[in-house]
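Please look through the structure shown here before reading the report that follows. The headings mark the topics in turn.

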Amino acid sequence: KEAIPDLRKMARIDEPRARRSANWALARLGVGAVAPEVAKDLSDKDPNIRYIALLVLTEMGAKGSIPEITRLLADKTDYVREHAVGTLAALGAREAIPEIVKLLKEPEHNLRERVVKALIRLDAKEIVPQAIKMLSDPDDDVRREGISILLGLGAREAIPDIVRLLKDPERTLRTVAAHAL
């Protein structure tokens, strides 16, 4: 605890790696007051700094940084976007659901998988109609993700739509549909 003043100073210097290390140490010590300083790193040009800032803000439970984190859903770096989704879910940021849902249209499979898990964690029942529509998508992965969302949200109203997938030409999808029932 006696290191906190020095760590706070170190967290404000221009050297990104030192700042990252100091912020991480402060998060581990439970010093939530530095969250606004850490949130500044969300706009750093280095994606690794943005990524570490997300990890630290998650550790801090920094709900006050949700607007800044939500902006990272449009980041150019896939792993930063993936972790922004995970951070928003961990913080219970239901207000970010509309922005998170938009990422279901992204081509990056890992990002979409993270989105599916986040929507389930956020109990985003309001997207059930959209998830049901996903079951008719020509892309097998999108149909699987739709099933995962519906299953994770306990959307019993989707059972007839999932039953229809038991006749899907894709064997793996039939298996996933059967498991969901």
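Leaving aside neighbours within four places in sequence, which residues is Asp-41 in contact with?

## About the model

This is a predicted model, in which local features need pLDDT of at least 70 and side-chain atom pairs count only at pLDDT 80 or more, while totals for chains, interfaces and linings use all residues. Residues are numbered from 1 along each chain as its sequence is written, and side-chain values use heavy atoms, with hydrogens and water left out.

## The loop residue Asp-41

Once the neighbours within four places in sequence are set aside, Asp-41 is in contact with Arg-19, Asn-23, Ile-49, Arg-50 and Ala-53, where contact means heavy atoms within 4.5 Å. Asp-41 belongs to the loop between helix 3 (35–40) and helix 4 (47–60), and with a relative accessible area of 6% Asp-41 is buried. Buried means under 20% relative accessible area, exposed means over 50%, and partly exposed is in between (1.4 Å probe, protein chains only).

## The chain as a whole

The chain has 12 helices and 0 strands; helices (H or I, at least four residues) and strands (E, at least two) are DSSP runs, numbered from the N terminus. Along its principal axes, the C-alpha trace spans about 65 × 25 × 25 Å. Of the 181 residues in the chain, 45% are buried, and among contacts with a separation of 6 or more, 55% come from residues 24 or more positions apart.

## Salt bridges

The count comes to 10 salt bridges, each being a side-chain nitrogen of Lys or Arg within 4 Å of a carboxyl oxygen of Asp or Glu. In one of them the side chains of Asp-75 and Arg-50 meet at 2.8 Å, N to O. This pair links distant parts of the chain, with Asp-75 in the loop between helix 5 (66–71) and helix 6 (78–90) and Arg-50 in helix 4, 25 residues apart. Asp-75 is buried at a relative accessible area of 10%, and Arg-50 also counts as buried, at 8%.

A salt bridge also forms between Arg-81 and Glu-106, whose closest N and O atoms are 3.3 Å apart. Because Arg-81 lies in helix 6 and Glu-106 in the loop between helix 7 (97–102) and helix 8, the pair ties together parts that are 25 residues apart in sequence. Arg-81 is buried, at 9%, whereas Glu-106 counts as partly exposed, at 24% relative accessibility. Glu-145 and Arg-112 meet in another salt bridge (2.9 Å, N to O); Glu-145 lies in helix 10 and Arg-112 in helix 8, so this pair ties together parts 33 residues apart in sequence. Glu-145 is buried with a relative accessible area of 1%, and Arg-112 is buried at 5%. Salt bridges that share partners also join Asp-78, Arg-81 and Glu-106 into one network.

## Helix 10 and helix 12

The axes of helix 10 (residues 140–152) and helix 12 (residues 171–180) come within 10 Å and cross at roughly 5 degrees, which makes helix 10 roughly parallel to helix 12. Axes are lines fitted to C-alpha atoms, for helices over the stretch in contact, and angles run from 0 to 180 degrees between N-to-C directions; those under 35 degrees count as roughly parallel, over 145 as roughly antiparallel, 65 to 115 as roughly perpendicular and the rest as oblique. Asp-140, Arg-143, Arg-144, Ile-147 and Leu-151 in helix 10 meet Thr-172, Leu-173, Val-176, Ala-177 and Ala-180 in helix 12.
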